[in-house]
Amino acid sequence: MKIYLLNPPFVPNFVRCGRWQGVASRGGTLYYPIWLSYATGVLEKEFGKNVRLVDAPAWKWGIEQVIDDAKRFKPDLIVADTNFSSLRNDIERVSELKKNIEGSKTILVGTTTSQFPDKILTNAGIDAVARFEYDFTVRDFAKSIENSSSFDKIPGLSYKEDGKIIHNEKRQYISSEELDTIPFVSKVYKDHLNIKDYFLGHTLNPMVQIFTGRGCPNQCTFCSWPETLMGRKHRVRSVENVVNELEYIKKELPEVKEVFLEDDTFTINKKRIKEVCDEIKYRGIDITWSCNARANLDYESMKLMKDAGCRLLDVGYESGSDTILKNIKKGITTEDSRRFTKDAKKAGLMILADVIIGIPGETKETAEETIRFIKKVKPNIVQFSVATPMPGTEFYNWVKENKFLLVDDLEESLDKDGFQKCIVSYPAFTKDDIENYVDRGLKEYYLSTSYIPIAISNVFRKNGLHELNGMIKSARTFFTYIKRQK
């Protein structure tokens, strides 16, 4: 059994597996194909080394190069990732690949498959989709192909049989105990990818991205992954398993400068934070790491994290308006965010502030509040994004029902270069308003003299040279974006 996992070609540097829409980043970011990589580890555990992971955007491959590579590999099964903003392309590329690989089966995975299984399976080149969390669904599908057995007992699978589309029962989300059985994704990176291809503007580079847990119990109305991929039930790897992987990275990937914990909810459990940090210090692992966090994290936890090697917190401030925060069920207030920012700086942690313009209820006044708020709290890095409604979310359903959604196909949420466009417009706050405030927020923050001391403080830290290199790379792409706007 030979299995070919593909992050399909699309526009250059396309981030297909981000928790937001798929885009070409303005700051040069390129994520690992992280979910495909976890599935690769699961498949290798079952089938040995007859598994190949191909990242076409990172390798700058077009479909011709993919076809040539796959012909040499001769897979029995092709597993391909998808995204809402690239779905038509993904289906076409996989269908083209299938035509060139005689006898191969195809299965699509990713956020789209839980929302549009019927739409995807009407395409002749697609044999099946794995809905929601797919590591074990793909494994079981591959085993059934190898054994020539029926697909009807595989939870989470939708497939075609005798011209009909069949949806099997939903698969239960992977348990905490099962998460410990999945091979380290960092080992998959080492064996299949070049870590120097990947870049996060808010980390020291080279970096790796890992999960220590899955699922998010918070109720944010705009967030895709809890609704389309990994659910709201929070499950975690054991502390020993997590720190074992950090130890593996330190030993086997010595060129890595930072580990980014991609969990939506790493900071949700104060007790677990302490246990992870204590274990890192107990083993004497000198490693730099960062993570996503909510703006309700306490100072004591931040201090523990800093002492255990944490460098930065990626925080969803979302808005500087309490009205907007309430509208999106964020569960925090601007006062929480101000206290959090003060405590994070006191603990010596850097902050990446994520901000969204265009959430339901947004007006010019609330957008102005957000820009003023960001200027006041002064994060080390800020990311302004247009609000993009993702199928499956409450935000998407609301804008669609109220006819504020401008497109039917989310591929229209990108321009020809893969940059994010706005696809919602409200009577009192239009598409142009949203885009203008996003650009204005970025320019007023980064192009003002008040950012100079922040940039200098970023550089005059431990690993300052690496901080500077990351800033320079992000700045080049950012100025290209600004020039394009002009």
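In the predicted model, I273 touches F266, T267, L297, S301 and M305, residues up to four places away in sequence being left out; contact denotes heavy atoms within 4.5 Å. I273 is found in helix α12, where helices (H or I, at least four residues) and strands (E, at least two) are DSSP runs numbered from the N terminus. With a relative accessible area of 1%, I273 is buried; buried means under 20% relative accessible area, exposed over 50%, and partly exposed in between, for a 1.4 Å probe and protein chains only. The C-alpha atoms of I273 and M302 are separated by 9.2 Å, the two residues being 29 apart along the chain.

Residues are numbered from 1 along each chain as its sequence is written. The model is a predicted one, in which local features need pLDDT of at least 70, side-chain atom pairs count only at pLDDT 80 or more, and totals for chains, interfaces and linings use all residues, while side-chain values use heavy atoms, with hydrogens and water left out.

Two of the contacts of I273, S301 and M305, belong to helix α13 (residues 299–307), in which S301, M302 and M305 are buried. Viewed down the axis of α13, its buried residues fall within an arc of 100° and therefore line one face of the helix; the arc is that of the directions from the helix axis to the C-beta atoms. The packing partners of these buried residues are α12 (270–283), β14 (289–293), β15 (310–318) and α15 (334–347). Within α15 is S337, which counts as buried at 0% relative accessibility. Beyond its neighbours within four places in sequence, S337 is in contact with A295, Y317, I332 and F373.

A further helix, α9 (residues 185–192), has V185, S186, V188, Y189 and H192 buried. These residues cover an arc of only 155° around the axis, which puts them on the same side of α9. An α-helix has 3.6 residues a turn, so residues three or four places apart point the same way. The buried residues of α9 pack against α1 (34–47), β4 (51–55), α2 (56–59), β10 (207–210) and α11 (239–252).

Backbone geometry was also examined. Most residues other than glycine have a negative phi, and most peptide bonds are trans. The peptide bond from N205 to P206 is cis, with omega near 0°, and P206 lies in the loop between α9 and β10. K329, although not a glycine, has a positive phi of about 55°; K329 is placed in the loop between α14 (322–327) and α15 and counts as partly exposed at 42% relative accessibility. K378, likewise a residue other than glycine, has a positive phi near 55°. The loop between α16 (364–377) and β17 (381–386) holds K378, which is partly exposed with a relative accessible area of 38%.

For the chain as a whole, 20 helices and 17 strands are present. With 486 residues, a compact globule would have a radius of gyration near 23 Å, and the 22 Å of the chain agrees; the radius is taken over C-alpha atoms, and the globule rule is 2.2 Å times the number of residues to the power 0.38. Along the principal axes, the C-alpha atoms fill a box of roughly 65 × 55 × 35 Å. Buried residues make up 61% of the 486 residues. Of the contacts with a separation of 6 or more, 73% are accounted for by residues 24 or more positions apart.
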